[in-house]
Amino acid sequence: MQPASIKHFLNTQDWSRAELDALLAQAHRYKQDKLGDALKGKSIALVFFNPSMRTRTSFELGAFQLGGHAVVLQPGKDAWPIEFQLGTVMDGDTEEHIAEVAKVLGRYVDLIGVRAFPKFVDWQHDREDVVLKSFARYSPVPVINMETITHPCQELAHVLALQEHFCTTDLRGKKYVLTWTYHPKPLNTAVANSALTIATRMGMDVTLLCPTPDYILDERYLGWAKDNVAESGGSFAISHDIESAYAGADVVYAKSWGALPYFGNWEPEKPIRDQYKHFMVDGQKMALTNNGVFSHCLPLRRNVKASDAVMDSPQCIAIDEAENRLHVQKAIMAALARQ
Ligand code: CP
């Protein structure tokens, strides 16, 4: 049976500001003193439906550094393909149902991490986050979102990097630009949804900069952003004008994503997206900022999403943010394993 009060880490929006601040403070401590015993004798299953470099490495090492053990599973590759639909006749390719998978894993491990990107066919289906929610529904142990349609671990790593750069935990009033940038493929909106969520939560003055109204994010995340600024005292605006959005910015965060109205019908989106290669973050745009910092979740295609000059500049904190994945995830695992 699943404990009624089980707490997962599916989205930062489910956690109070005080709880997020406590995770960030613990992550800061782990950065100073990396070893601990919060996961001594405990384990985490890391279930990857999609590739990863940072997430897998930082979760595996984070568990090890806290005295625990991580098991990586890739359903359909080194583990059985999983069915998520309820009441279906499983006469296709899937070999077992999430109802059994999550419960069995919960008999072995203390935590489950899940990475499951959208299928990029039907946004109305993908926006329900069925894989993550199914794990949370059936798992008797806490579930951690390792990136689905949001990327909450990246959010905390990003905030920790900003706090370090600005030498303060109070980011209120910083001018924050979340800019769409070019990529030859239509990518997941997860990191953009997350950046919008956490930047507004922290009380920053946030501008979502994207080429056209088609690139505006899903209404759920716009709603969260509006709720967050009402509570945090920040602000939220949408712009399609590069110069005014960058002007005076303290933070530029870049991500590429596919336009939601074309979800699953990507062929006509490609020539539209190709008109906006000039959204790439470069030195000329960064010169408009208030000596602003630049970051990106990585991986990043150089001279497509951001120029070499931006990536190699002292204002780029993307490597700090990537390092912070390790520290924030240790804080998350330690907090959830205590339950
Ligand atoms: N930023 C991030 O999640 O990186 P990976 O896809 O390499 O895990």
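**Rings and cores**

Phe279 is buried (under 20% relative accessible area; exposed is over 50%, partly exposed in between; 1.4 Å probe, protein chains only), with a relative accessible area of 3%. This is a predicted model, in which local features need pLDDT of at least 70 and side-chain atom pairs count only at pLDDT 80 or more, while totals for chains, interfaces and linings use all residues. Residues are numbered from 1 along each chain as its sequence is written, and side-chain values use heavy atoms, with hydrogens and water left out.

Q: What is an aromatic pair, and how many does a search of the whole structure find?

A: Rings of Phe, Tyr and Trp (its six-membered ring) pair if their centres lie within 6.5 Å; planes under 30 degrees apart are stacked, over 60 edge-to-face, and the rest tilted. The search finds 12 such pairs here. In one of them, Phe120 and Phe263 are stacked, at 5.7 Å centre to centre and 20° between the planes.

Q: Which parts does the pair of Phe120 and Phe263 tie together?

A: Helices (H or I, at least four residues) and strands (E, at least two) are DSSP runs, numbered from the N terminus. Phe120 is in the loop between β5 (111–115) and α4 (123–126), and Phe263 is in the loop between β10 (251–255) and α10 (269–273), so the pair joins parts 143 residues apart in sequence. Phe120 is partly exposed, at 22% relative accessible area, whereas Phe263 is buried at 12%.

Q: Which pair does Phe279 form?

A: Phe279 pairs edge-to-face with Tyr276, at 5.9 Å centre to centre and 80° between the planes. Tyr276 is buried as well, with a relative accessible area of 16%.

Q: What is a nonpolar core, and how many residues has the largest one?

A: In soluble globular proteins, nonpolar side chains tend to be buried together. A core is a set of buried Ala, Val, Leu, Ile, Met, Phe, Trp, Tyr and Cys residues joined through side-chain atoms within 4.5 Å. The largest here has 92 residues, and Tyr176 and Phe294 have the most contacts inside it. Helix α13 (residues 318–337) gives the largest share of this core, 10 residues.

Q: Where does this core lie relative to the domains?

A: Domain bounds come from an automatic or database domain assignment. The core lies between domain 1 (12–150 + 325–337) and domain 2 (154–322), because both give residues to this core. Apart from it lies another core, of 21 residues, including Val47 and Tyr138.
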